[in-house]
Amino acid sequence: ALMKDQVDNLNRATRTQTAASINGSLTLPERGAVMDKVRLGGIGILYISPEPLRNFSVAQLIKSRDVGCWVFDEAHCLSKWGHDFRPDYLHVSDFIAHYSKICSRPALVGAFTATAKKDVIEEILSHCREKLSIDLESFTASIQRENLSFQVCPVTRNEKYDVIYNCLQESLAGNNGGAIVYCSSRRHTEELSLFLNEKLIHSKAFHAGRNEPDKRNIQDDFIEGKIPVICATNAFGMGIDKKDIRLVIHADIPGSLENYLQEAGRAGRDMEPSDCILLYEQEDIENQFSLNAYSKLSIK
């Protein structure tokens, strides 16, 4: 979702087709077409996740081009202190270092994230210094978003869906913008979407269990305004560049403060007033503790 949305918007903004991505949602013919364009020099900006760099054909493809700059997005994934550490991000630095030796010139590197605390930033800087022999200069912006209004609404389980319906009805009345309702499970997204559709609020459920064509179609329809409401797990929204999201509701408490700030921050990117509503239910907290504990045990 992140790469497709960014590629589509960049190409639309520049009125070119010079950006592309290699990702798991591509069919084999689509993947082959992108690789051919990269090989022939028709692609100037390539979006790629870390994992494909371990693939021999992809690695050789990139090494065949003169890369002017490497950019880490979601750079907190480089840090074990980050909320979403991914070991494959560390392999990217080894790949860049090897590429730089082949090209006999130092790498130009940028690293961007909206959710890095002080210890995460320090680890990212240290990682680049150790692996790439470069000192990144840090630019830190304020996390304040004056156009966003944050609210916490205590609810009971029985009234939660009705509160969500009322909030959406008020937000979407005479408004062309969209809304995202985040849920903690796939089942909740499906149940809530069914409830809202029965109440005549057009919505779709989005989660990792959907097939790629469905996810792509839902995302495109939401961006274009054909679907006003998405009921989603956190599989939806990373990097979604829909500027007029007027409302983000968390039907369940997210797993961390970092997750909440990132997900709520998808509202009001056009700098118009927008609302972020967190529904508080005591049992949600207990469920999150259970989910986090299970996740840590699974990782071990």
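The structure is a predicted model, and its secondary structure comes to ten helices and ten strands. The radius of gyration of the protein chain is 21 Å, close to the 19 Å that the globule rule gives for 300 residues, so the chain is as compact as a globular protein of that length. Taken along the principal axes, the box filled by the C-alpha atoms is roughly 65 × 40 × 40 Å.

**The parallel sheet**

- Six strands build an open sheet with parallel pairing, and their order across the sheet is β5-β10-β9-β6-β8-β7.
- The edges of this sheet are formed by β5 (148-154) and β7 (203-206), each of which pairs on one side only.
- On average, and with direction ignored, neighbouring strands of the sheet are turned by 15° against each other.
- At one end of the strand order, β5 pairs in the parallel sense with β10 (residues 274-280) over seven bridges, and within this region Q151 stands opposite I277 of β10.

**Helices lying across the strands**

- Helix α9 (residues 257-264) lies across β5, β6, β9 and β10, and its direction makes an angle of about 155° with β9.

**Packing of α1 against α8**

- Helix α1 (residues 2-14) packs on α8 at an angle of about 45°, with the two axes 11 Å apart; because this angle falls between 35 and 65 degrees, α1 counts as oblique to α8.
- The crossing in which α1 passes α8 is right-handed, and the contact brings together K4, D5 and D8 of α1 with R216, Q219, D220 and I223 of α8.
- By residue class, this contact of α1 with α8 consists of five charged residues, one polar residue and one nonpolar residue.

**Packing of α2 against α3**

- Helix α2 (residues 28-40) and helix α3 pack at an angle of about 25°, and their axes are 9 Å apart; since angles under 35 degrees count as roughly parallel, α2 is described as roughly parallel to α3.
- In this pair α2 passes α3 in a left-handed crossing, where R31, M35, V38 and R39 of α2 meet S57, V58 and L61 of α3.
- The residues of the contact of α2 with α3 divide into four that are nonpolar, two that are charged and one that is polar.

**Packing of α3 against α4**

- Helix α3 (residues 56-63) also packs against helix α4 (residues 87-103), at an angle of about 45° and with the axes 11 Å apart, which makes α3 oblique to α4.
- The crossing of α3 and α4 is right-handed, and the residues that make the contact are A59, I62 and K63 on the α3 side, together with F95, H98, Y99 and I102 on the α4 side.
- Sorted by class, the residues of the contact between α3 and α4 comprise five nonpolar, one polar and one charged.

How values were computed. Residues numbered from 1 in each chain as written. Predicted model: local features only at pLDDT ≥ 70, side-chain atom pairs only at ≥ 80, totals over all residues. Heavy atoms only, no water. Axes fitted to C-alpha atoms, helices over the stretch in contact; angles between N-to-C directions. Helix = DSSP H or I, 4+ residues; strand = E, 2+ residues; numbered from the N terminus. Parallel < 35°, antiparallel > 145°, perpendicular 65-115°, else oblique. Left-handed = near helix turned anticlockwise from the far one by under 90°. Contact = heavy atoms within 4.5 Å. Nonpolar A, V, L, I, M, F, W, Y, C, P; charged D, E, K, R; others polar. Pairing = 2+ DSSP bridges. Rg over C-alpha atoms; globule rule 2.2 N^0.38 Å.
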